[in-house]
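Dear colleague,

I am passing on the structure below, together with some notes on what turned up when I went through it. Please read the notes with the structure open beside you.

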Amino acid sequence: MNSSSPHPSMEAGHGTVKTYLWGFLLSLLLTCAAFWLVLSGLSLDPTLRYGGLALLAVIQIGVQMHYFLHLNTSSGQLWNLMALLYTLLIVILLVGGSLWIMHNANMHMMSGMES
């Protein structure tokens, strides 16, 4: 009897020590870059600073998913990737909708106080 899985395409690929070290070093570098951006005292526009932090966070998520969760675009990972994309869609809709509702509520509640 074969000891391998009956569905080898469904198995997640395990990384090597080299890939885990690369993932760790990239995560450490991105974390240090985010701390430096906040604590450096640079006179940046707050929008630029927040945008840089958001970009570093998105890159960090990508590094974590690729090196540690082994998510990729292979056929064996297609369902995991689709579940992740669906989750991201729901989160974006919830956060975006909440911000839109709060902004509209703020604009309509404060409109009578301007005069």
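Leaving aside residues up to four places away in sequence, L30 touches L56, I59, Q60 and V63. This is a predicted model, and the notes that follow should be read with that in mind. L30 itself sits in helix α1, which covers residues 17-39, and with a relative accessibility of 12% it falls under the 20% limit and therefore counts as buried. The C-alpha atoms of L30 and A57 are 8.1 Å apart, although 27 residues separate the two along the chain.

Helix α2 is the next element to look at. It comprises residues 46-67, and its 22 residues should span 32 Å at 1.5 Å a residue, which agrees with the 31 Å between its end C-alpha atoms. Within α2, the buried residues are R49, L56, Q60 and V63. Viewed down the axis of α2, these buried residues fall within an arc of 60°, so they line one face of the helix.

As for aromatic residues, the count comes to 1 aromatic pair. It is formed by Y20 and F68, whose ring centres lie 6.1 Å apart and whose planes meet at 15°; planes under 30 degrees apart count as stacked, so this pair is stacked. Because Y20 belongs to helix α1 whereas F68 lies in the loop between α2 and α3 (78-110), the pair ties together parts that are 48 residues apart in sequence. Y20 counts as partly exposed, at 33% relative accessibility, and F68 is also partly exposed, with a relative accessible area of 29%.

Turning to the chain as a whole, the secondary structure comes to 3 helices and 0 strands, and the order of elements from the N terminus is α-α-α. The protein chain has 115 residues, of which 10% count as buried. Its accessible surface comes to about 9,500 Å², and 74% of that surface belongs to carbon and sulfur atoms. Of the contacts in the chain with a separation of 6 or more, 55% are accounted for by residues 24 or more positions apart.

Conventions. Residues numbered from 1 in each chain as written. Predicted model: local features only at pLDDT ≥ 70, side-chain atom pairs only at ≥ 80, totals over all residues. Heavy atoms only, no water. Helix = DSSP H or I, 4+ residues; strand = E, 2+ residues; numbered from the N terminus. Buried < 20%, exposed > 50% of the residue type's maximum accessible area, 1.4 Å probe, protein only. Contact = heavy atoms within 4.5 Å. Areas by Shrake-Rupley, 256 points an atom, 1.4 Å probe, with all protein chains shown as cover. Expected span 1.5 Å × (residues − 1). Arc of directions from axis to C-beta. Phe/Tyr/Trp six-rings, centres within 6.5 Å; stacked < 30°, edge-to-face > 60°.
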